[in-house]
Amino acid sequence: MPVSRLAVTDFRSYASALIKPGPGFVLLSGDNGAGKTNLLEAVSLLAPGRGLRGAALSDMARRGGEGSWAVAAKAEDIDIGTGTSADAPERRQVRVNAARASVNSLGEWLSILWLTPAMDRLFTGSAGERRRFLDRLVLALEPSHAHHSSRYEAAMRARNKLLAEGAPPEPSWLGALEEAMAEHGAAIAEARSRTVAALDERLSSAPEDEFPRAEIELEGWQESDLAATLEANRGRDAAAGRATEGPHRQDLAVAHRAKQMPAARSSTGEQKALLLGLVLAHADLVAERRGTPPILLLDEVAAHLDPKRRLALFARLEGRGQVWMTATEPGLFEGIGAASRFRVAPGQISAD
């Protein structure tokens, strides 16, 4: 479902702002630091998690404001609101059609994917960054993934804390936490495996164009009797200060399919093209599975592509639902036809 209305209050650089985009391309142009990415971040908060920056909730409040912020959106006949209050700046509240809802439930309404300049280092960065990227892909297909992920992380944190206290904890407490990690960990691993398998199949039949096809697989920990493994590893985990086995140790391996070369060893331009091709294939998969395409947020993507790849990207994005894009100059959008075009200045948005 495309966002037809987005309003922000005391969010980042905006005291208040309102934008009413159309269902296709939404093009935001403006100088660096004008607030374009802030708008994309606001849209990303209509999904579970902490948005495309992964920032602390209190950091999203406008400097000079009251310490709270709000994002409100309409998508067809659904009204979604989220934000914080000044007395609880790290507690995110959500309302759907005026009724209270959980953050994790947002995935049931909208699927949102994004690419930012920081993700250009995805293939050469840490396994944790790739896991977070993979989990966004999974979440777009299986909204329940957010619930299992949050429950797993909570149980793991509690277990780590007990092990770190030094004195032997009550075995039944550890056992209950380990059972919870095993239950939710199995669901996480299974959902990741399903997504990786389906996406790799989709990539194998993707178009041969300016975006090379990736080959992906899930590496690292594989499903086992996690509860028994955690029990056996209590001493080792206490010494390490963390759980040494589980789905939090998995990694997404990506390779250039035609060259049979790890993505990390590909050129910078190829890595960017591989990542874009992967996201486009996933968007197709989401549209097929959920019956509606995901909302795509592409931050400063056009500026880092040569003209040929830029036009190829625009052609691939045509008709894929709502696509938000940012650029410093409107000319970087040359080749896009019908679109909602906006000019962004510090704290202000106007139709272009």
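A salt bridge is a side-chain nitrogen of Lys or Arg within 4 Å of a carboxyl oxygen of Asp or Glu. With that rule in mind, select Arg159, Glu178, Arg234 and Asp237, which are linked in a network of salt bridges. The model on display is predicted, so local features need pLDDT of at least 70 and side-chain atom pairs count only at pLDDT 80 or more, while totals for chains, interfaces and linings use all residues. Residues are numbered from 1 along each chain as its sequence is written, and side-chain values use heavy atoms, with hydrogens and water left out.

**The whole chain**

Display the complete protein as a cartoon. The protein has 8 helices and 15 strands; helices (H or I, at least four residues) and strands (E, at least two) are DSSP runs, numbered from the N terminus. The radius of gyration is 21 Å, close to the 20 Å that the globule rule gives for 352 residues, so the protein is as compact as a globular protein of that length. That radius is taken over C-alpha atoms, and the globule rule is 2.2 Å times the number of residues to the power 0.38. Along its principal axes, the C-alpha trace spans about 65 × 55 × 35 Å. Buried residues make up 51% of the 352 residues; buried means under 20% relative accessible area, exposed over 50%, and partly exposed in between (1.4 Å probe, protein chains only).

Select Lys272 and Asp120 first. Their closest N and O atoms are 2.8 Å apart, in a salt bridge. Lys272 lies in helix 7 (residues 268-290) and Asp120 in the loop between strand 8 (112-115) and helix 2 (127-141), so the pair ties together parts that are 152 residues apart in sequence. Lys272 counts as buried, at 11% relative accessibility, whereas Asp120 is partly exposed at 29%.

Next, select Glu142 and Arg194, which form a salt bridge with the closest N and O atoms 2.8 Å apart. Because Glu142 lies in the loop between helix 2 and helix 3 (145-164) and Arg194 in helix 4 (residues 171-204), this pair ties together parts that are 52 residues apart in sequence. Arg194 is partly exposed, with a relative accessible area of 44%.

Then select Glu210 and Lys308, whose side chains meet in a salt bridge at 3.6 Å, N to O. This pair links distant parts of the chain, 98 residues apart: Glu210 is in the loop between helix 4 and strand 9 (214-219), and Lys308 is in helix 8 (residues 307-317). Is Lys308 buried or exposed? At 57% relative accessibility, Lys308 counts as exposed; Glu210, at 26%, is partly exposed.

**The largest pocket**

Strand 8, helix 2, helix 3 and helix 4 each supply at least two. The lining divides into 17 nonpolar, 10 polar and 11 charged residues, where Ala, Val, Leu, Ile, Met, Phe, Trp, Tyr, Cys and Pro count as nonpolar, Asp, Glu, Lys and Arg as charged, and the others, Gly among them, as polar.

Return to helix 7. At 1.5 Å a residue, its 23 residues should span 33 Å, and its end C-alpha atoms are 33 Å apart, which agrees; the expected span is 1.5 Å times one less than the number of residues. Just after helix 7, Gly291 takes a positive phi of about 80 degrees.

Most residues other than glycine have a negative phi. Arg12 is in the loop between strand 1 (5-11) and strand 2 (14-19). Ala98 lies in the loop between strand 6 (88-96) and strand 7 (99-101), and counts as exposed at 62% relative accessibility.
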